Amino acid sequence: MAAKPSEKRLKHFREMVAYDQAHLGFGTSLAGMDEVGRGPLFGNVVTACVIMPADPLYEWIDDSKKLSAKRREELYENIMKTAVYVGIGEATPEEIDRMNILNATRLAMERAAEKAPATLCIVDAVNQLYLPFPIMPIVKGDATSYNVAAASIVAKVTRDRQMAEYAKIYPQYGLDHNMGYGTAEHIAALRQYGPTPQHRMSFIGKFIEKEVAE
C-alpha cells in the first residue's frame, strides 16, 4: 500500500476515526461489527466483529464496497495482524431458511462478538442482539465508523474466499465472480443444474417454481 489515499479519502478516513473516538470514554473498548452476504442465493451470511488499536492505522480503511479486491486483501492481512480482537461469525443456508435472513444475521453477529472484550459495539444497521455489552446500531455504519469499516473488510474478504473455494466444487454457477448473488448466469445455471446443498432454498424457490411453470 505504497500509494497514498486521495485528499478526499483521507478526509473521510479522519471523519470515521473521529466518529469512533467520540464514543471512546474512560474504560471503553470500542468494537465495530458488519455483515456480508444477506442478499445472495448461495452460501453463508458472514459477520465480523473488530476492535482496532486506539491509534488509527491504515488510512485506506473504508467501507469494503468502495475498495478494490486487491486493496481489501492487503487491508485484511494488516487488520488480522494488528487488531485487538477479530471475531468471525456465520449462519448457514439451513439456518437462514429456518429462521429468515435477518434473524440468521443476528445469530452470526452474536457468534462473532460473543468473546469480544468490548464495552460498546457499533453495528451496521442491525439491532436486537443478545450480547454482554451495549450495542449502537447505525445506518451505513461501514461508511461512518473506522471499526465498522474494518469489520466490513474482514467479513467481505472472508466470504469472497469462501466463494472462490466453492467455485472449484461447483464451477457451473460462476461463484468466483458473482459471489453467490442472483445474476442471470447464476439463475440460468440453477435452472439447468438445480440447487446445491449450499443454496438457500427460501431464496431460490421463485426461480425453481418459474422453471416448473414454464
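Guide: Let us begin with a pair of strands: strand 1 (residues 30-36) and strand 4 (120-124) pair in the parallel sense over four bridges. Please note that this is a predicted model, in which local features need pLDDT of at least 70 and side-chain atom pairs count only at pLDDT 80 or more, while totals for chains, interfaces and linings use all residues. Residues are numbered from 1 along each chain as its sequence is written, and side-chain values use heavy atoms, with hydrogens and water left out.

Visitor: In which sense do strand 1 and strand 2 pair?

Guide: Strand 1 and strand 2 (residues 45-51) pair in the antiparallel sense, over five bridges. In strand 2, A48 is the bridge partner of D34, and C49 is that of M33.

Visitor: In what order do the five strands of the sheet lie?

Guide: The order is 3-2-1-4-5, in an open sheet with mixed pairing. Strand 3 (85-91) and strand 5 (135-138) are the edge strands, each pairing on one side only. Neighbouring strands are turned by 20° against each other on average, direction ignored. Such angles run from 0 to 180 degrees between N-to-C directions, and the axes are lines fitted to C-alpha atoms, for helices over the stretch in contact.

Visitor: Which strands does helix 4 lie across?

Guide: Helix 4 (residues 101-113) lies across strand 1, strand 2, strand 3 and strand 4, running at about 150° to strand 3. Helix 5 (residues 146-169) also lies across strand 1, strand 2, strand 3 and strand 4, at about 35° to strand 1. Contact means heavy atoms within 4.5 Å.

Visitor: How many residues of strand 1 are buried?

Guide: A residue is buried under 20% relative accessible area, exposed over 50%, and partly exposed in between (1.4 Å probe, protein chains only). Seven of the seven residues of strand 1 are buried, so this strand is largely enclosed by the rest of the structure. Both of its faces are covered, with L30, G32, D34 and V36 on one side and A31, M33 and E35 on the other.

Visitor: How many disulfides are there?

Guide: A disulfide is a pair of cysteine sulfur atoms within 2.5 Å. By this rule the count is zero. The cysteine sulfur closest to that of C49 is in C121, at 4.4 Å, which is too far for a bond. C49 is buried, with a relative accessible area of 0%, and C121 is buried too, with a value of 0%.

Visitor: How many aromatic pairs are counted?

Guide: Rings of Phe, Tyr and Trp (its six-membered ring) pair if their centres lie within 6.5 Å; planes under 30 degrees apart count as stacked, over 60 as edge-to-face and the rest as tilted. The count comes to six aromatic pairs. One of them, F13 with Y146, is edge-to-face, at 5.7 Å centre to centre and 85° between the planes. This pair links distant parts of the chain, since F13 is in helix 1 (residues 7-21) and Y146 is in helix 5, 133 residues apart. Both F13 and Y146 are buried. The rings of Y166 and Y170, by contrast, have centres 6.4 Å apart and planes at 20°, so that pair is stacked. Y166 is partly exposed at 22% relative accessibility, while Y170 is buried at 19%. One aromatic cluster is formed by F42, Y166, Y170, Y173 and Y193.

How values were computed: Two strands pair if DSSP finds at least two bridges between them. Helices (H or I, at least four residues) and strands (E, at least two) are DSSP runs, numbered from the N terminus.
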